[in-house]
Amino acid sequence: MSTRTKLKLNADILDWPKVPVAQVYGRLTRVNGLLLEAVGCQLATGDRCHIECRDNHLVEAEVVGFHKDTLCLMPIEHASGLMPGARVMPIEGRYQIPTGLGLLGRVLDGLGQPLDDFGCIKHLPQVPLQFKTTNPLRRKPITEPLDVGIRAINALLPVGRGQRLGLFAGSGVGKSVLLGMMTRFTEADIVVVGLIGERGREVREFIEEALGEEGRKRAVVIAAPADTTPLMRMRAMRLCHQVAAGYRDQGKQVLMLVDSLTRYAQAQREIALSLGEPPATKGYPPSAFALLPSLVEMAGNSQHPTGTLTAFYTVLTEGDDQQDPIADSARAILDGHIVLNRKLSEQGHFPAIDIGASVSRLASQVAAPETLKQAQWFRHLNSRYNEVKELLPLGGYQAGHDQEMDMAVNSYPQMAAFLRQETHTQADLSQSLSALAQLVAQMGFAFNEEAPK
């Protein structure tokens, strides 16, 4: 046999696919609520496996912990037909998700599988689903303003490209409606929407009403409604960030809207409590608070010179309590917060933004000094009016004693009209700033002059 033939034969042998001698699998020993326990196979946390059910159906699960030789598993989808001693078969390889512009216009679940009727997702690059950390010294600074199409935000709470903000409100105050307005009006190349743990009917409504046909062409929607498993909700949140970060690193201007961050924390609470982690604040275990910073840090700008990722997270404040532990933790790690007020909503004031309680931490970096002074004067008069608004119906306020207070009371109808905006009406950045300048001029403000007392 010639040397050339031997080399070719050796190469063919090396290229021959490896056939496993035996299939290693474990056994299911216990089902405790959401938690499954198995023995007999060695898997690391984060690894996946298949569990064989009674009807030969396979349920995918993920390793979320272990105790001695016992693995703690969590099913990704609702499991039925589990039996004692059911086979647990490891899944080789890391979990891969599709990426690329081919995802635009699609609706996916937490596994990256399509929920729409446009067929399977094929011929797209696959990347591992994992968190990526960015050197903080290499992040591109936030200096460019972002036009979100909402007058109150553009003028009084300036947002920069790459900023991360929270929408704080109780249930039924208008968070989803405000997100829909931002989806239609914000200047962005790509919009990534995460509907995590919310009502299932809102998914279709958001796609048809908030996005529409034109908006859907530049959007990717990732949905894991409230009836999915906690692990599916967490995966959907990670997938949402991974997809958005991928577009950012391709040089795109990305807007990510997530509804909601609270449901993600609640999903982690369900998993952690099932594992026996002790509850800390209002039933939330420490791991729920530890995961939030690593998740939020995936958003924002990276070292890419042109790509940006601006993120808005809704945060549910139970009972309108702004000191809710998740809301308090989110305020500390986000770059600003927009608070929606239930009283304003009940008065028919939409969007129900509480200007006095809201703040954008990067306003000084993306807005002109004149705009900042005008916004400060507006907020000041709005605050003065709130001091006496409850006395007005009772006749407890007498005009003429405080010139500034009189100005605030007389100007409130114009301020309220400025803050209101119809759902399908867009107010771009230049229009918002011009309207603010005209309004504060009527309210006695003059740039570079001391405001009247």
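Let's begin with a cysteine: Cys240 is buried, with a relative accessibility of 0%. This is a predicted model, and a search of the whole structure turns up zero disulfides.

## The largest pocket

The largest pocket holds about 390 Å³ of space. Its lining is made up of 18 residues, and those closest to the centre are Gly46, Asp47, Arg94, Tyr95 and Leu129.

Which element gives the largest share of this lining? That is helix H5, residues 230-248, which supplies three residues. Sorted by class, the lining of the largest pocket contains seven nonpolar, four polar and seven charged residues.

## Salt bridges: a buried pair and its network

Side chains of opposite charge can pair when their charged atoms come close. In this model the search finds 23 salt bridges. One of them joins Glu62 to Arg235, with 3.0 Å between the closest N and O atoms. Glu62 belongs to strand E4 (residues 58-67) and Arg235 to helix H5, so this pair ties together parts of the chain that are 173 residues apart in sequence.

Are Glu62 and Arg235 buried or exposed? Both of them are buried. They also belong to a network of salt bridges that links Arg48, Glu60, Glu62 and Arg235.

## Two further salt bridges

Glu37 and Arg30 also meet through their side chains, with an N to O distance of 3.6 Å.

Another salt bridge brings together the side chains of Arg161 and Glu144, at 3.9 Å from N to O. Arg161 is in the loop between helix H2 (151-156) and strand E10 (164-169), while Glu144 is in the loop between strand E9 (126-128) and H2, so the pair ties together parts that are 17 residues apart in sequence. Arg161 is buried, with 13% relative accessibility, and Glu144 is partly exposed, with a relative accessible area of 42%.

## Phe350 and its surroundings

Now to Phe350, which is found in the loop between helix H9 (342-346) and strand E16 (359-360). Phe350 counts as partly exposed, at 41% relative accessibility. Which residues does Phe350 contact, leaving aside its neighbours within four places in sequence? The answer is Val173, Ser345, Leu419, Arg420 and Gln421.

Phe350 and Leu419 are 69 residues apart in sequence, yet their C-alpha atoms are 8.0 Å apart in space.

## Backbone details to look for

Most residues other than glycine have a negative phi, and most peptide bonds are trans. Against that background, here are some backbone positions to check. The bond from Phe350 to Pro351 is a cis peptide bond, its omega near -10°, and Pro351, too, lies in the loop between H9 and E16. A cis peptide bond also runs from Asp259 to Ser260, where omega is near 10°. Ser260 is in the loop between strand E13 (253-259) and helix H6 (261-274).

Asn56, a residue other than glycine, has a positive phi near 65°. Asn56 is placed in the loop between strand E3 (48-52) and E4, and is exposed, with a relative accessible area of 61%. Lys282, likewise a residue other than glycine, has a positive phi near 50°. The loop between H6 and helix H7 (286-296) is where to find Lys282, which counts as exposed at 55% relative accessibility.

Conventions: Residues are numbered from 1 along each chain as its sequence is written. This is a predicted model: local features need pLDDT of at least 70, side-chain atom pairs count only at pLDDT 80 or more; totals for chains, interfaces and linings use all residues. Side-chain values use heavy atoms; hydrogens and water are left out. On a 1 Å grid over the protein atoms alone, a cavity is a set of points where a 1.4 Å probe fits but cannot get out, and a pocket is an open set with protein on both sides within 12 Å along at least five of seven lines; lining residues have an atom within 4 Å of a point. Grid points are joined across faces, edges and corners, and a volume is the space filled by probe spheres set on the points. Helices (H or I, at least four residues) and strands (E, at least two) are DSSP runs, numbered from the N terminus. Ala, Val, Leu, Ile, Met, Phe, Trp, Tyr, Cys and Pro count as nonpolar, Asp, Glu, Lys and Arg as charged, and the others, Gly among them, as polar. A disulfide is a pair of cysteine sulfur atoms within 2.5 Å. Buried means under 20% relative accessible area, exposed over 50%, partly exposed in between (1.4 Å probe, protein chains only). A salt bridge is a side-chain nitrogen of Lys or Arg within 4 Å of a carboxyl oxygen of Asp or Glu. Contact means heavy atoms within 4.5 Å.
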